[in-house]
Amino acid sequence: MAAPIRRKFLGRLSLPERTFVTDALRTETVGGIILLVAAIAALFLANTPLSGLYQDVRNFSFGPDALHLRLSIGSWAADGLLTIFFFVAGIELKRELIAGELRDPRAAALPVVAAICGMAMPALVYVAVGAAGGGNLRGWAVPTATDIAFALAVLAVIGTALPAALRAFLLTLAVVDDLGAILIIAIFYTTHIDFVALGLAFAGLVVFWTLHRKGIRGAYIYVPLAFVIWALMHASGVHATIAGVAMGLMLRCTVREGEERSPAERIEHRVRPLSAGLAVPLFALFAAGVPASGETIGQVFSRPETLGVVLGLVVGKTIGVLGGSWLAARFTKAELNEDLAWADVFAIASLAGIGFTVSLLIGELAFPTDPTLAAEVKAAVLIGSLLAAVVSGVLLKMRNNTYRKLCEEEERDEDQDGIPDIYELDSPDYHLRMAAIHEAKAAEHRRLAEVAAASDSGDDGPA
């Protein structure tokens, strides 16, 4: 009886999956750098003589009262612009379930368990610190999220090239994190529900789904419909970003005859730059502007709520993701990729402690009646994310030479057919092409050797 084939943890991705991950993370990396600039700008505006103007702009309200949409600019950014971010998150989740890492329950077990542990452990750390210090426990969910764009911005800044398998693992963690954040917001941070508005929002979603299934296309139909669904969801008391997730999950991710790309892939390709390059950075610009005085920083490390956030991000995330990965690998008998080590998983686990966009959003939702505490929690998110970035940056830099060699191996395309050679080692045509290339090089070297020999012979003749 043949021995069962053991699955690889962080093994090589299939070529289509690698291509998708590379393209998706390229956009997120650019968006992450813009996000980083927006966060720095927000801190600058909030801690200079421009702070008054910054607060006035953030608190300026507009919109129709009758539709419950007279909101401040900060609220429009949190409730409106982030809906675009969650719409893309919904598409990512749908794709992962249909064609990505989550389609196979056995393969999905590792990243899913790692992500769940990576959300549970920070929450437990926050609750433990908060309970010990007599703090408000409503912020337990603040340190549970991972910001993939900010994490990739850190990678871009420190110049670390991660192998595709590690990048895919980080992306899958973030996708499952986003799903967890969606459920947390919907279940734990919805205080009242208008069932009429909620029912109408669901009716709008049914119309959206029906039109999409019938193949009807046109932004002039879906954009107004999406706004109506969003407005009804907002009026219902359920956080409006849930509408974005729901619409993203409804898009078809399979390719039909005559299509080059699925509707989900086509729409994501158009919307992702808007999300990563505009919506999320604008949210950060109005959410990350908190005082950064010595007193505020001191409060972060002395109040149980804020200390719980920092420790949850830096310690809880790392222990959760690393421990969950090890346990899942241990009980599923998955072997770690021989080119990598558990130190690499530890580095990715610490990188997952960068919780920015969703953490800031949950921080606002957790303490709506205490703006001072909400601001201090935001400062804690920034400090915790910064510490996680520093720790992960150091760990990743220590293995950078290894990552560079693996990436060069993944990118090598000596036969120049557009497909990395590592994916063609089982193809006879590839080896025939390589043989022809080497034979041509050998023939050229033989010719050059003859030329050199003839030249040497001429030089040795009589003067």
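Why does Leu50 count as partly exposed? Because its relative accessibility is 39%; partly exposed covers the range between buried (under 20% relative accessible area) and exposed (over 50%), with a 1.4 Å probe and protein chains only.

Before moving on, note that this is a predicted model, in which local features need pLDDT of at least 70, side-chain atom pairs count only at pLDDT 80 or more, and totals for chains, interfaces and linings use all residues. Residues are numbered from 1 along each chain as its sequence is written, and side-chain values use heavy atoms, with hydrogens and water left out.

**Stop 1: the patch around Leu50**

Stay on Leu50. It sits in the loop between helix 1 (15-46) and helix 2 (51-59). Helices here are DSSP runs of H or I with at least four residues, strands are E runs of at least two, and both are numbered from the N terminus. With Leu50 they make a nonpolar surface patch of about 370 Å². Patch members have over 30% relative accessible area and no salt bridge; nonpolar side chains (Val, Leu, Ile, Met, Phe, Trp, Tyr) are joined within 5 Å, like charges within 9 Å.

**Stop 2: the whole protein**

Zoom out. The protein has 17 helices and four strands. Its C-alpha atoms fill a box of roughly 100 × 60 × 55 Å along the principal axes. Of the 463 residues, 49% are buried. The accessible surface comes to about 22,000 Å², and 66% of that belongs to carbon and sulfur atoms. Areas come from the Shrake-Rupley method with a 1.4 Å probe; for residues, only the protein chains shown count as cover.

Contact means heavy atoms within 4.5 Å. Among contacts with a separation of 6 or more, 79% join residues 24 or more positions apart.

**Stop 3: helix 5**

Select residues 148-158. This is helix 5, and it is mostly covered, with eight of its 11 residues buried. Which are they? Ile148, Ala149, Phe150, Ala151, Leu152, Ala153, Val154 and Leu155.

**Stop 4: Lys317 and Asp177**

Go to Lys317 in helix 12 (residues 304-332). Lys317 counts as buried because its relative accessibility is 1%. Show its surroundings. Beyond neighbours within four places in sequence, its contacts include Gly118, Met119, Pro122, Thr144, Ala349 and Gly353. Asp177 is another of them.

Which kind of pairing do Asp177 and Lys317 form? Their side chains meet in a salt bridge (2.8 Å, N to O). Asp177 lies in helix 6 (residues 164-188) and Lys317 in helix 12, so the pair ties together parts 140 residues apart in sequence. Both residues are buried. A salt bridge is a side-chain nitrogen of Lys or Arg within 4 Å of a carboxyl oxygen of Asp or Glu.

**Stop 5: more salt bridges**

The structure holds nine salt bridges. Select Arg303 and Glu376, whose side chains meet in one (3.0 Å, N to O). Arg303 is in the loop between helix 11 (294-300) and helix 12, and Glu376 is in helix 15 (residues 371-398), so this pair ties together parts 73 residues apart in sequence. Arg303 is partly exposed at 23% relative accessibility. Glu376 is buried at 10%.

Next, take Asp344 and Arg399, another salt bridge (2.8 Å, N to O). The pair links distant parts of the chain, 55 residues apart: Asp344 is in helix 13 (residues 342-351), and Arg399 is in the loop between helix 15 and helix 16 (400-411). Asp344 is buried at 0% relative accessibility. Arg399 is partly exposed, with a relative accessible area of 22%.

Then select Glu92, Glu268 and Arg272. They are linked in a network of salt bridges.

**Stop 6: Gly31**

Return to helix 1 and pick Gly31. It is buried, with a relative accessible area of 3%. Show Ala276 and Pro281, which Gly31 touches, not counting residues up to four places away in sequence.

**Stop 7: His239**

Finish at His239, in the loop between helix 8 (219-236) and helix 9 (241-250). Buried or exposed? His239 counts as buried, at 10% relative accessibility. Not counting residues up to four places away in sequence, His239 touches Ala78, Asp79, Ile185, Thr190, Met233, Leu361 and Leu365.
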